[in-house]
Amino acid sequence: MVQRVDVLICGSGSAGLCAALWLARSGINFKILDKRSERMTRGQADGVQCRTVEIFESFGVAEDLLRDAYHVLEVVFWESNGKGSITRTGRTADTAPGISHQPHVILNQARLNGILLDLMARSNGQDVEYGYEVKEVRIDSAKTSTKDEYPVTVTTEKDGKTEIFEAKYVLGCDGAHSTVRRSLGYKMIGDSTDAVWGVMDIYPRTNFPDIRKKALLYSDHGNLLIIPREGGSLVRFYVKLPDGRIAKNVKLEDVHDTARRIFQGYDMEFADTYWWSAYSIGQRLVDHFSKDDRVFLTGDACHTHAPKAGQGMNVSLQDGYNIGWKLAAVLNGRASPDLLKTYSLERQKVASDLIDFDRNFMKLFSQEVKHEDQTNANLVVRQFVATGPFTAGITAKYNDSEITFAARSKPDLAVNLHVGMRFPSAQVVRLCDARAMQLQRALPSDGRWRLVIFAGDIRDLNSAKKLDSLAKFLSSQKGLVQKFTREGDDIDSFIDPVVVLHGARAEIEQEHIPSYFQPVTSPWGVRDLHKIFIDDESYNSGHGKAYEAYGVDVQKGALAIVRPDQYISMVISLEDYDEIDRFFNGFARPQN
């Protein structure tokens, strides 16, 4: 018997689950298959970037993640003292102020995936179907041009029986040994080095003073990275093993012994080893990310690298975050199928940048640091600080496409809003209830496009007129918003306005703001007053510097078109009605 689904997701790792969450919230018919017999209980990945925490916040579950995680606040550096032991030589903040309003944390991948699974179940009651091994993926190219066809056939095996699925779209989220990738005939291109590292999660008995901090150790006996784990006792060690080792021949005792020598001068015993492995460093990138815009590869199926920078799980999850909302928009008839071409354009560049970064990052961990060479030691600290924005996950920048237009933008209107990058957060005060909050919280992951409108001080007549004129353009009965809003849906169901004002909050009333920005959306006919913010000081946390943070001139103002995944599509003036119209007509499907 052949089963048909709109989207078949092969693999229930972070990429597959993040994509599935978009589909579950959008009412899409999909299935997730996984060869495991049950939920993951012990994940190998653990580093959670600031950007990943922002994504969890956009789904409304950041608190679950942050409550259970270890928060990485400080990094310390240790080097050889020339006498056979090590000494602390420096410290720095793990995440520099201003990079993100969310922290870098450590949490086992099994727990992180569990949060996504639970949220998916609450969204549509769905779970992963376990015990399925994907055997083959085939595409009927003759059917790929018709939207209602199911051109992808996936052959699977469960309990010794063959089951066949036909799908409109397939996501290959099945890891480094991806069957989906092999079925497409795609190759992983790259290389590996002779360097071998051991990694282990251990319960240490030690008098080393920084055992509960992230630490880089450069000793006469090798290098080691400490990553404290959640729970207060567990710690992860990445240990550079002596040259000449072969990963498959490494024993746990080898990793233990090398770690003890690195900590010479301090006691280091292992009460228990929860998990361990050994690996050689390699960086590989697949030659193609998609096939016929019907099958898409994500995560380890298309990029692999060393684990110490904590990028693998995060970049994989963000692959799923990128393709998930696009599939939902296409399958719900909101956007043209051409939107899916932007997945490879955007994520292949991110993966390529990651591979280049990883090569340089591994040099930072593997180099020798001489105790008598202070210049070299200081360079290590500077290099680590310089990598901060990348490891936080906020440097990804997408090239121009039908949903990203740097070339048609006016960057001087908001010099710190970069087209193609994620919309950064700043503190604002919500006008209706005086609540101080991060502006990024007004951009949840619900499939809507945002117009973030920096209207300036509307006590000024010119600023008030510009905001009023924009409201008339957007609310026109034959205009843009009506064109892309389905009959019976709320007026903000596809294009959602977010207004950021400037000035003294106590002198601005709701009646001063056009009604379009306070639409009636509830079943009780109540106005939504939660779209208006002001750059003013709050009662308990000061601030009033959002315009400064975004680089927006109060007199000129600015308008940012923000994608459902919080990336910036355009920055234009409040009067650029033709650009707004041209932008949405370029990819969106009329609903009326």
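Lys135 sits in strand S9, which covers residues 133-139. Helices (H or I, at least four residues) and strands (E, at least two) are DSSP runs, numbered from the N terminus. This is a predicted model, in which local features need pLDDT of at least 70 and side-chain atom pairs count only at pLDDT 80 or more, while totals for chains, interfaces and linings use all residues. Residues are numbered from 1 along each chain as its sequence is written, and side-chain values use heavy atoms, with hydrogens and water left out.

**Two residues**

Is Lys135 buried, partly exposed or exposed? Its relative accessibility is 42%, so Lys135 counts as partly exposed. Buried means under 20% relative accessible area, exposed over 50%, and partly exposed in between (1.4 Å probe, protein chains only). The C-alpha atom of Lys135 is 37 Å from that of Ile394, and 259 residues separate the two along the chain.

Thr304 belongs to strand S19, residues 303-304. Thr304 is buried, at a relative accessible area of 17%.

The table gives the contacts of both residues. Contact means heavy atoms within 4.5 Å.

| Residue | Relative accessible area | Contacts beyond four places in sequence |
|---|---|---|
| Lys135 | 42% | Thr155, Thr156, Glu157, Thr179 and Ser183 |
| Thr304 | 17% | Ala176, Met188, Gly282, Gln283, Arg284 and Ile355 |

**The whole chain**

The protein has 14 helices and 28 strands. Its radius of gyration is 26 Å, close to the 25 Å that the globule rule gives for 592 residues, so the protein is as compact as a globular protein of that length. The radius is taken over C-alpha atoms, and the rule is 2.2 Å times the number of residues to the power 0.38. Along the principal axes, the C-alpha trace spans about 75 × 65 × 40 Å.

Of the 592 residues, 57% count as buried. Among contacts with a separation of 6 or more, 73% join residues 24 or more positions apart.

The protein exposes about 24000 Å², and carbon and sulfur atoms supply 46% of that area. Areas come from the Shrake-Rupley method with a 1.4 Å probe.

**The annotated domain**

An unreviewed UniProt entry lists residues 397-591 as "domain: Phenol hydroxylase-like C-terminal dimerisation". UniProt positions follow the numbering used here, feature names are shortened, and annotations may be inferred rather than shown by experiment. In the model, residues 397-591 are 17% helix and 21% strand. The end C-alpha atoms of this stretch lie 31 Å apart.
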